[in-house]
Amino acid sequence: MTTAVAAPFRFFSLQVTGTRRLGPSLLRVTFTGPDLHAFHSGGRDQSLSLFLPHPGQSEPAVPVELGDGWWQAWRELPDDVRAVMRSYTLRALRRDAQGSTTEIDIDFVLHGIEPGAGTPAGPASRWASRAAAGDRVLLLGPAVADNRAIRFRPPEDTDLVVLWADETALPAASAILESLPEGLRVQAWFEVHDAGDIQDPVTSADAEITWLVRDEHHVEGSPMALDTVRATPLPAAERPYAWIAGESACVKELRRHLVRERGIDRRRVTFVGYWRQGLTEEQLREQE
């Protein structure tokens, strides 16, 4: 029986139904579960917490039976037992004729999996690269569609949306594009590791998308994004709104540029550091 925790978020027991390679560095995993009917999300950049098992475990170890006490008990589990927790964004969901969620998609970046990769693969990349139908995970996700884990919230008077994302934020950026109304102007930059990771987002918005592919001279979090954004004129707009997400240091530099050099009201800039160069998610969490 699934235990509710801190509404409007709760745990969902999920199983993999399939995987699809999107590019050399990107993999989509589709999940279903017996209680997904209670999963509700308005999409966009919906944040989720995914709990993964260690190799040899049939399911992730999370003491959900303790209710609100699960967090402390989970942290006290041995390192080789405690489920791996990683933050992801919802890429898509599908509903049945009654409007209940039946499947969700989460896109994984496979850092360190490709041959010759300089950075070793993390536990989430390793798990995703081997994921198969029937594999079990645990998800802490929303039970109401409009929840605090959605950060993309442009004011109603927005006449230009500015987007920047690296590959870790690409699923959220793609979902954002799909949610925008017809004709809304969008200036977007998406940075990926490999040209094969370039996608073709579906949107009704009037979007100009620039894809940036890092070469051997650029690493994640490098100034490549700032240099390109700085060199690109923005369409004329009276009330722009910006959403930038990805490597923390790069995101901060881009926000500083948009506010100080472009004159965008800092209250109309949403910036989210999904990761930080040189630190694991566990190390980041210890600094919070």
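Mentor: Two strands pair if DSSP finds at least two bridges between them. Strands here are DSSP runs of E, at least two residues long, numbered from the N terminus. This is a predicted model, where local features need pLDDT of at least 70, side-chain atom pairs count only at pLDDT 80 or more, and totals for chains, interfaces and linings use all residues. Residues are numbered from 1 along each chain as its sequence is written, and side-chain values use heavy atoms, leaving out hydrogens and water.

Trainee: How do you know that β11 and β12 pair?

Mentor: Six bridges join β11 (residues 240-247) to β12, and the cut-off is at least two, so they pair. The two strands run parallel, and A245 stands opposite V272 in β12.

Trainee: What makes β10 and β12 edge strands?

Mentor: The open sheet has the order β10-β9-β8-β11-β12. β10 (206-213) and β12 (269-275) each have a single partner strand, so one side of each lacks a neighbour in the sheet.

Trainee: Now to R10 in strand β1. Why is R10 called buried?

Mentor: Buried means under 20% relative accessible area (exposed is over 50%, partly exposed in between; 1.4 Å probe, protein chains only). R10 has 17% relative accessibility, so it counts as buried.

Trainee: D45 is buried too. How do you know that D45 has no salt bridge?

Mentor: A salt bridge needs a side-chain nitrogen of Lys or Arg within 4 Å of a carboxyl oxygen of Asp or Glu. For D45, the nearest side chain of opposite charge, R44, is 5.2 Å away. The side chain of D45 does reach the backbone nitrogen of F152 at 2.9 Å.

How values were computed
Helix = DSSP H or I, 4+ residues; strand = E, 2+ residues; numbered from the N terminus. Lys, Arg positive; Asp, Glu negative; His and termini not counted. Polar contact = N/O pair within 3.5 Å; in protein donor to acceptor, adjacent residues only side chain to side chain.
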